[in-house]
Amino acid sequence: MLYNSTQNAAEVVSAAQAIAQGISKDGGLFVPQDFPKYDTETLKALLKTDYKGRAKKIFSDFLTDFTEDEINECVEKAYTSSKFGSENPAPLNFCKLDNKTLNILELWHGPTCAFKDMALQILPHLLTKSLKKTYDGKDAVILVATSGDTGKAALEGFKDVDHTKIIVFYPVDGVSPMQKQQMNTQEGSNVKVCAIKGNFDDAQTGVKKIFTTPSIAEKLAENNMLFSSANSINWGRLLPQIVYYVSAYCDMVNEGKIKFGDKINVVVPTGNFGNILASYYASIMGLPINKFICASNSNNVLTDFIRTGIYDKNRHFYTTISPSMDILVSSNLERLLYMLSGNDDKTTKIWMDSLKSEGKYEVSDKVKSVIKEKFYGGYCDDVNTKATIHKIFEQDKYLCDTHTAVAVNVYTQYVDETGDTTPTVIASTASPYKFSKSVLQAVAPDCDLPDNEFDMVDKLHELTGMAVPVPLANLKNKKVRFSDVTEVDKMPNYVLSALGIE
């Protein structure tokens with residue numbers, strides 16, 4: 001299995017190279033040259049194994065330059081019950097809303113209580129092995145732009161990992177208090193956290209620019225370092241996300257919710273398009289998925305794109321109660337467009353260059369038709385997000401966070417609009433306690449809000465009875481280590497200074 005850049009198909013690298021490098025030198029993203037195809041017998045065999053077994057099978061088909069022992073070691077170290085609370089790190093939970101069955105795929109049982117753990121607990125193991133195969137002796141500098149969850153998950157995954165350093169940038173006013181506390185109290189001798197005066201798109205653009213600036217890369221090389229990424233632009237982040245969609249389908253069959261071979265729909269609350277893209281890749285491999293329902297908040301650039309084929313980031317940026325989706329540049333959409341254009345790197349590059357220069361692009365009629373056939377786009381504002389949280393809890397005592405509520409709301413829009421009753425898996429991406437203020441306001445709108453985030457957590461627990469995840473409960477008394485804030489144009493200087501490079 002080899003990988004190409006979406007903007008230069010002539011660049012061909014191994015899986016280890018793609019993971020170690022993170023992003024192509026031309027700014028494109030690495031994608032597999034082809035996808036393994038899972039026939040009926042392969043999928044039936046996956047029914048009989050557990051999450052780890054399914055992960056090992058999928059990784060072995062994509063990471064062909066890794067040995068079986070290497071893959072086994074990575075999986076066994078990543079998906080432990082001590083980290084995820086059970087042998088199944090991505091359990092399904094079932095509840096009702098207005099007589100609709102919600103099959104909730106809970107992806108937030110890991111150490112940082114967000115779906116990013118599903119990939120970022122295994123990425124450090126994949127990366128360190130990739131470095132040995134491709135850049136033996138060099139230290140990896142992990143640069144991360146985060147809208148909240150990726151930052152903490154990456155910090156936790158890479159803390160004190162040999163031969164790695166990690167620097168995380170987040171928008172100073174664009175994450176929840178709990179997310180900020182998680183990042184700024186992070187332990188580890190190799191970690192750095194810095195806020196930027198801007199939004200997530202500014203942080204993401206800044207990180208990409210640092211990655212592709214030759215003079216900075218040269219300075220790192222002189223100091224025996226190289227850049228890599230823990231954002232979903234890194235193939236090692238996206239690949240593990242394919243696993244939980246395959247596993248969810250197997251669990252649906254095993255629990256009698258569907259028959260083997262039945263199609264399902266998938267609903268994903270997404271800003272950067274990586275999580276929903278992973279489900280699309282699973283379908284390319286043979287998983288029977290009928291429709292991909294892309295749920296956005298008020299930053300509904302993806303909704304408009306799916307409906308019109310025009311991607312236009314020239315619009316108002318909203319800071320919402322679902323901050324991990326406060327994104328106007330959906331990086332992983334580039335991978336989908338590359339595939340739907342017939343792996344046309346030149347056309348993909350034209351679109352991405354247009355996005356940089358004009359803030360928008362329009363895809364071909366052929367690509368538009370495929371997207372309209374396979375995808376549905378919808379969005380939900382803050383008022384309706386809170387109303388959805390309230391309604392689910394009122395009807396079935398199920399408590400969800402602000403991102404999952406967006407997905408549920410858009411799912412109900414889809415069913416009401418289309419009448420499609422295909423069994424549907426809804427990706428639940430974070431613990432409600434990561435956004436306790438908004439969830440508390442939704443569940444009990446007349447409640448007097450406590451003064452601080454941790455008192456809100458206690459109040460929410462008192463009202464709902466839902467257990468507070470241990471990692472969040474333990475944050476209360478942790479010491480703040482990081483309080484740096486920088487301008488966007490000063491990010492390169494910050495990186496070099498943090499690494500001790502002149």
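Start by selecting Thr205, Lys208, Val329, Met352 and Lys356: of the 21 residues that line the largest pocket, these lie nearest its centre. A pocket here is an open set of points on a 1 Å grid over the protein atoms alone, where a 1.4 Å probe fits, with protein on both sides within 12 Å along at least five of seven lines; lining residues have an atom within 4 Å of a point.

Before you click on, note that this is a predicted model, where local features need pLDDT of at least 70, side-chain atom pairs count only at pLDDT 80 or more, and totals for chains, interfaces and linings use all residues. Residues are numbered from 1 along each chain as its sequence is written, and side-chain values use heavy atoms, with hydrogens and water left out.

Next, colour α10 (200-211), α15 (333-340) and α16 (345-358), the elements that each give two or more residues to the lining of the largest pocket. Helices are DSSP runs of H or I with at least four residues, strands are runs of E with at least two, and both are numbered from the N terminus. The largest share, five residues, comes from α10. The space in this pocket is about 480 Å³, a volume filled by probe spheres set on grid points joined across faces, edges and corners.

Now move to the second largest pocket and pick Gln21, Lys25, Phe211, Ala217 and Phe227, which lie nearest its centre among 17 lining residues. Show α11 (214-222) and β9 (225-229) too, as each gives two or more residues to that lining. α11 gives the most, with five residues. About 360 Å³ of space lies in here.
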